[in-house]
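Have a look at the fold first, then read on.

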Amino acid sequence: ASAVVFYEHSTSATEIWSAPFLRVRTCRSLVVVHFWAPWAPQCAQMNDVMAELAKEHPQVSFVKLEAEAVPEVSEKYEISSVPTFLFFKNSQKIDQLDGAHAPELTKKVQRHASVGSFPPSGSEHPKEDLNLRLKKLIHAAPCMLFMKGTPQEPRCGFSKQMVEILNKHNIQFSSFDIFSDEEVRQGLKTYSNWPTYPQLYVSGELIGGLDIVKELEASEELDTICPKAPKLEERLKVLTNKASVMLFMKGNKQEAKCGFSKQILEILNSTGVEYETFDILEDEEVRQGLKTFSNWPTYPQLYVKGELVGGLDIVKELKENGELLPTLNGGN
């Protein structure tokens, strides 16, 4: 029988939380607990995600608890918003995810489920591994912002202000949502000896938090410290020349997110020519800017050696006329 069970809140919160099933399962395998609320539509969506994950990971236990119905449990684990996911293994909390981030939930389940057991808490190896991971993260881009949420959707006022300042100065930065990884969230405080978020790093060195960045802005030093983002036109030129054949579409090679994009993928795949894709749904600046840059108002858009070929209708015509393959191979 499958070991995967969805628990709903019933008459007794403590009865569910301390159920023998949970005590046994936390000793043997990964337990993912979803603190949810019936009034939040994003929670219902994440319940569907959990159901799919349950099918893929029969060794993992998925538990669903209504946060407001189990106040003592929610208070104990500092559940301040829904949805929130807690991860337990060996009877200990090992991770947390705040918010409706389906891809991140999937990644965390895959990562934790693949680890057979965790070393004892006294072991030095986890700390060394975490420090190495943190070092890689802060060097992941010339300018790295560790924040609550994302630049598109900050989840605290300080993070929102930080993003606004960086954008106002046209600073190119990448970000990491500390809500998506409890290990990073706690570990980076010790690693950098800086107790709060957001935290800004340049070339792997900590610049500081919001107050420091405001001071640097006031003294006009911020522009000299942080790397500038390239102008949109320059960026689009680089993107359209990223590969010999570039397709700007809704979605990607693995999953088209509109019918036109799906059709053009099928046509390109039938040619056997190598190509790369860019998901315009992931970048609003590119999505709008490329229309003007190419003077072509719709998507998908196909480029060969940086030159616009056209959209789906043009590609269909080229295929029917036997001209598609020579075009993709660099012909006029």
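Over how many bridges do β3 and strand β4 pair, and in which sense, parallel or antiparallel? The two strands, with β4 at residues 92-98, pair in the antiparallel sense over six bridges. Strands pair here if DSSP finds at least two bridges between them.

## What you're looking at

This is a predicted model, so local features need pLDDT of at least 70 and side-chain atom pairs count only at pLDDT 80 or more, while totals for chains, interfaces and linings use all residues. Residues are numbered from 1 along each chain as its sequence is written, and side-chain values use heavy atoms, with hydrogens and water left out.

The protein chain has 15 helices and twelve strands. Helices (H or I, at least four residues) and strands (E, at least two) are DSSP runs, numbered from the N terminus. Of the 332 residues in the protein chain, 44% are buried; buried means under 20% relative accessible area, exposed over 50%, and partly exposed in between, with a 1.4 Å probe and protein chains only. As for contacts (heavy atoms within 4.5 Å), take those between residues at least 6 apart in sequence: 66% of them join residues at least 24 apart.

## The sheet around β3

Four strands make an open sheet in the order β2-β1-β3-β4, and the pairing is mixed. β2 and β4 are the edge strands, each pairing on one side only. On average, neighbouring strands of this sheet are turned by 20° against each other, direction ignored. For these angles, axes are lines fitted to C-alpha atoms, for helices over the stretch in contact, and angles run from 0 to 180 degrees between N-to-C directions. β1 and β2 run parallel, joined by six bridges, and Val 31 has Ser 61 in β2 as its bridge partner. β1 (residues 31-36) and β3 run antiparallel with five bridges; there, Val 33 stands opposite Leu 86.

β3 itself (residues 84-89) is mostly covered, with six of its six residues buried. That goes for both faces: Thr 84, Leu 86 and Phe 88 are buried on one side, and Phe 85, Phe 87 and Lys 89 on the other. Towards β4, Phe 85 stands opposite Leu 97. The β3 and β4 hairpin has two residues between the strands, and Asn 90 takes a positive phi near 50° in it.

α5 lies across β1, β2, β3 and β4, running at about 160° to β4.

## Gln 96 up close

Gln 96 lies in strand β4. It counts as buried because its relative accessibility is 5%. Its side chain makes polar contacts with the side chains of Lys 93 (2.7 Å) and Asp 98 (3.2 Å). A polar contact is a pair of N or O atoms within 3.5 Å; within protein, one must be able to donate a hydrogen and the other to accept it, and residues adjacent in sequence count only if both atoms are side-chain atoms. Leaving out residues up to four places away in sequence, Gln 96 touches several others, including Phe 85, Lys 108 and Phe 179.

## A second sheet

Another open sheet has four strands in the order β6-β5-β7-β8, with mixed pairing. Its edge strands are β6 (174-177) and β8 (205-208), each pairing on one side only.
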